[in-house]
Amino acid sequence: MALTLYVDTQRWRAHQQSVLQQFPGIVPVCKGNGYGFGHERLADEVTRFGADTLAVGTTYEAARMKDLFGGDLLVLTPFRLGEEPVPLPDRAIRSVSSVEGVRGLVGARVVVEVMSSMKRHGISEEDLPKLHAAIEDVRLEGFAIHLPLDRADGTTGVDEVAGWMERLRAAHLPLHTMFVSHLGAQDLARLQQQFPGTRFRARIGTRLWLGDHDATQYRGAVLDVTPVAKGDRFGYRQQKAAGDGYLVVVAGGTSHGVGLEAPKALHGMMPRAKGVARAGLATMNRNLSPFVWAGKQRWFAEPPHMQVSILFVPNDAPAPQVGDELVAHLRHTTTQFDRVVDH
C-alpha cells in the first residue's frame, strides 16, 4: 500500500514536446526533488529528447547528476569564495554573481548572472568595468538573468532583458549567449529579433515538467477504516470524534511531504479571507487534508503521521474500503512518492 504518482506518460511527453518546440535551445531544469519525478527520471527524459545542457540547483546535485546525464551541467546556485569544493567534470558550468566570484574560478566555464528586479543576486551595472578584465581568465559561456513572475511597475520582462543587453553592449562585453528565466515564447522571439547576434536560451523547469496538470496524479491507498461514534477518543492525543463516521488511514504522511505547505503570496480580498478562515480553523485542530473522497477534500482527524494520515469521513458519505485509492492534491516540489506508475 503506497502513495503513488500516476503519470499519463504519452500526455506528459506530448506536453514536453510542445514546450520544446516553443523554446528552441531550451535548458531543462532539474533541481530539488526533480519536480516530484526524481533526478533519475528527469535525466532519462532529457536524454531522450536530446537536450545538450541540463540545469541543476547546486554542486551537490551536479555531482549526483553527472552519472545520469552526459551533457553539460549548468549549476544555478552562484559560486561563493570559500564554499566546500565538490569534484565536478569539465562539462560542469558554474553560475557566478560577483566579480570576486569570477576571479575565484580561473580556467572554469562560467555563466555570469546579472542583477534583475528580483534583487536576489547578480552583477551590478557598476561592476561591469571590473568584469571586463576578470572574464579574461575564465571560459565565458554567456550571461544570465532571472526574472520575477509578477510585475507591478508596468514594464515587461522583455524591457528588462533588453535594458541589460544594452548595458552589456555598452561595456563591450561578449553577447553571444543570454540565459533567461520566466519569459514566454513570444517574448523570447521578440528578443531574438531585436538582438539577432545573441542566442537566447530559456531555463525552464516548472512549465516543462508540470505544465499539464492533468498528466499526473497522486493517490494514497487506504490501509484501514474504523467506524467511530461522536465522542469516541482516538489517536496519539486521544481527541474526541466530532461526529459519527469513519477514521480512514491512508498512505502518505510527513515523510512524503503530506501536511507540509510553503507560504503563499495572497492577492485580493477573497484569498485573504480564506487564509484567515483556514488559520482560525487550525486553532481548533481542524485542518483540511489534501485527500479527496466522494468528491470532497476530507479533514485530517489529527496531524499526519510519518508515513500515513488519518482522515475523518462523516457517515453521510460512503465508507472507503481497504485498497481504495484517494486522489491527493499535493505540491510536486515537496512530495516524495513511494512508487510511480506509468499508464
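Trainee: How far apart do the end C-alpha atoms of residues 10-153 lie, and what are the helix and strand percentages of the span?

Mentor: This is a predicted model. In it, the end C-alpha atoms of residues 10-153 are 41 Å apart, and the span is 30% helix and 19% strand.

Trainee: Which UniProt annotation covers residues 10-153?

Mentor: The record, an unreviewed UniProt entry, gives "domain: Alanine racemase N-terminal" for residues 10-153.

Trainee: Turning to helix packing, at what angle do α1 and α2 pack?

Mentor: Helix α1, residues 9-22, packs against helix α2, residues 39-49, at an angle of about 55°. Their axes are 12 Å apart.

Trainee: What does that make α1 relative to α2, oblique or roughly parallel?

Mentor: Because of that angle, α1 is oblique to α2. The crossing of the two helices is right-handed.

Trainee: And how do the axes of α6 and α7 cross?

Mentor: Helix α6 covers residues 157-170 and helix α7 covers residues 185-194. Their axes cross at roughly 30° and come within 10 Å. An angle under 35 degrees counts as roughly parallel, so α6 is roughly parallel to α7.

Trainee: Is the crossing of α6 and α7 left-handed or right-handed?

Mentor: The crossing of α6 and α7 is right-handed.

Trainee: Changing topic, how many cavities of 30 Å³ or more does a search of the whole structure find?

Mentor: The search finds one cavity of 30 Å³ or more. The largest cavity has a volume of about 50 Å³.

Trainee: Which residues line the largest cavity?

Mentor: Its lining consists of Glu113, Val114, Ser116, Met118, Lys119, Arg120, His121 and His146. By class, two of these residues are nonpolar, three are polar and three are charged.

Trainee: What about the second largest pocket; what is its volume?

Mentor: The second largest pocket has a volume of about 660 Å³. It is lined by 24 residues.

Trainee: Which of those lining residues lie nearest the centre of the pocket?

Mentor: Those nearest its centre are Lys31, Tyr35, His146, His182 and Thr206. His146 is also among the residues lining the largest cavity.

Trainee: How does the pocket lining divide into nonpolar, polar and charged residues?

Mentor: The lining of the second largest pocket has eight nonpolar, eleven polar and five charged residues.

Trainee: And what do β9 and α8 supply to that lining?

Mentor: Strand β9, residues 199-204, and helix α8, residues 206-210, each supply at least two residues of the lining of the second largest pocket.

Note on methods: Residues numbered from 1 in each chain as written. Predicted model: local features only at pLDDT ≥ 70, side-chain atom pairs only at ≥ 80, totals over all residues. Heavy atoms only, no water. 1 Å grid on protein atoms, 1.4 Å probe; cavity = no way out; pocket = protein on both sides within 12 Å on 5 of 7 lines; lining within 4 Å. Points joined across faces, edges and corners; volume = space filled by probe spheres on them. Nonpolar A, V, L, I, M, F, W, Y, C, P; charged D, E, K, R; others polar. UniProt positions renumbered as here; feature names shortened; annotations may be inferred. Helix = DSSP H or I, 4+ residues; strand = E, 2+ residues; numbered from the N terminus. Axes fitted to C-alpha atoms, helices over the stretch in contact; angles between N-to-C directions. Parallel < 35°, antiparallel > 145°, perpendicular 65-115°, else oblique. Left-handed = near helix turned anticlockwise from the far one by under 90°.
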